[in-house]
Amino acid sequence: SKLTYFMYGELTDKDTTEKVRLTFENYEMNSFEILMYKKNRTPVWFFVKIAPIRNEQEKVVLFLCTFSDITAFKQPIEDDSSKGWGKFARLTRALTSSRGVLQQLQPTVHKGENVHKHSRLAEVLQLGSDILPQYKQETPKTPPHIILHYCLFKTTWDWVILILTFYTAIMVPYNVSFKTKQNNVAWLVVDSIVDVIFLVDIVLNFHTTFVGPAGEVISDPKLIRMNYLKTWFVIDLLSCLPYDVINAFENVDEGISSLFSSLKVVRLLRLGRVARKLDHYIEYGAAVLVLLVCVFGLAAHWLACIWYSIGDYEVIDEETNVVRMDSWLYILAETMGRPYRFNTTGSGKWEGGPNKDSVYITSLYFTMTSLTSIGFGNIAPTTDGEKIFAVAMMMIGCEWNASFLASLNILQFTVT
């Protein structure tokens, strides 16, 4: 509305100017009759139509303001050019001007259309769909093999990738910590399909537009390739390698298998895309709460995997080849009736201990109670490594609780 301030004058109605201001601030569609002034201070009556223009995301990107001169329909205004004129001369001038105004403002009528016989002035003053058509951003022209980054197919594909990224964020830490070989054919097929989809995503990203620094849509294939190679290509390539297929073979060296299992953690870097995608929903309070709960569950899952890795590393003292009785895994094994035992006749290694399902549930239970600052004490850290990790979990829990309470206060303030 600041664009019209310089056109206001001493006879401009203050209530109307306030309505104009509120229309812009509230992103509304409205129309007004308002007296404004030209550069030479000549008063002119305008019929102003204001309509917000929204993009595909229903966000207002600009306003369409139409100014129609309706001075001919109002009472004659005394100005320098009409001083000394008689009433008949002013009337003749008004009638002559009104004919030009009506010809300028009347809508175009094509043959075959039904023309409603109603007042031209009423047609000019109404703000309907026939006067203000729907506006939409023009789709930029792209080469045939280039995909727009905001088209329906790419949006749906991005959501599929995000869901599979969450799946990866859950399964990768579990497989790495528990050193599982994907001998289960069903899980191996699922993970192979995920790897193929990630590989297809790389191909699509080489043919997808992106937004440039100035907000323009870049559709040049060469620029698209260079941009992707500089940003996400290396991470995406490492994330789609078939680690699970390699680890499934029994004759793979243990060191190589551990290396490939560790490299799978690179897939977690794809969560950066999830953060960018969910950033659009931060303004919604309910979405923030759901996001915080999901982040809490995911963090507890990761910490549970780390907690088990620490216990599995420390339960057997490699220097003396003796079980550490103060380890939480040893205590859990004794409680479940599955103690650790040394096989002297067969493999010559320590065997037994709790099964992996019970260990994971127990680890998740401990991390949940630690992050929420409950801590019943039935599972407690005893070794130095376990205590250090427990302290780190407590600090993470304090940060999370503070963020969660702050989000609740913001949501309550927004609702009230």
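Biologist: Which residue that follows α4 has a positive phi, and what is the value?

Modeller: Please keep in mind throughout that this is a predicted model. Most residues other than glycine have a negative phi. Against that background, the residue to look at after α4 is lysine 179, whose phi is positive, near 50 degrees.

Biologist: What distance separates the end C-alpha atoms of α4?

Modeller: Helix α4 covers residues 152-177. Because its 26 residues at 1.5 Å a residue should span 38 Å, the expectation can be set against the model, and the two agree, with the end C-alpha atoms 38 Å apart.

Biologist: Is proline 173, within that helix, buried or exposed?

Modeller: Proline 173 lies in α4, and, leaving aside neighbours within four places in sequence, its contacts are with Thr168, Leu268, His301, Trp302 and Cys305. The C-alpha atom of proline 173 is 6.3 Å from that of tryptophan 302, although 129 residues separate the two along the chain. Since buried means under 20% relative accessible area, and proline 173 has a relative accessible area of 11%, this residue is buried.

Biologist: Which residues of α5 are buried?

Modeller: Helix α5, residues 185-205, has 21 residues and reaches 30 Å from its first C-alpha to its last, close to the 30 Å expected. Its buried residues are Asp191, Val194, Asp195, Phe198, Asp201, Ile202, Leu204 and Asn205.

Biologist: How are α12 and α13 oriented to each other, and what is the handedness of the crossing?

Modeller: The axes of α12 (residues 328-336) and α13 come within 12 Å and cross at roughly 120 degrees. As for handedness, α12 passes α13 in a crossing that is right-handed.

Biologist: Which residues make the contact between α12 and α13, and how many of them are nonpolar?

Modeller: On the α12 side the contact is made by Trp328, Leu329, Leu332 and Met336, and on the α13 side by Ser358, Val359, Thr362 and Ser363. By class, the residues of this contact include no charged ones and three polar ones, while the number of nonpolar ones is five.

Biologist: Where is glycine 212 found, and is it buried or exposed?

Modeller: Glycine 212 is found in the loop between β4 (210-211) and β5 (217-218). Its C-alpha atom is separated by 9.9 Å from that of asparagine 227, 15 residues apart along the chain. Because its relative accessibility is 10%, glycine 212 counts as buried.

Biologist: For the protein as a whole, what percentage of the residues is buried?

Modeller: The protein has 14 helices and nine strands. Of its contacts with a separation of 6 or more, 57% are between residues 24 or more positions apart. Among the 416 residues in the protein, the buried share is 34%.

Key: Residues numbered from 1 in each chain as written. Predicted model: local features only at pLDDT ≥ 70, side-chain atom pairs only at ≥ 80, totals over all residues. Heavy atoms only, no water. Axes fitted to C-alpha atoms, helices over the stretch in contact; angles between N-to-C directions. Helix = DSSP H or I, 4+ residues; strand = E, 2+ residues; numbered from the N terminus. Left-handed = near helix turned anticlockwise from the far one by under 90°. Contact = heavy atoms within 4.5 Å. Nonpolar A, V, L, I, M, F, W, Y, C, P; charged D, E, K, R; others polar. Expected span 1.5 Å × (residues − 1). Buried < 20%, exposed > 50% of the residue type's maximum accessible area, 1.4 Å probe, protein only.
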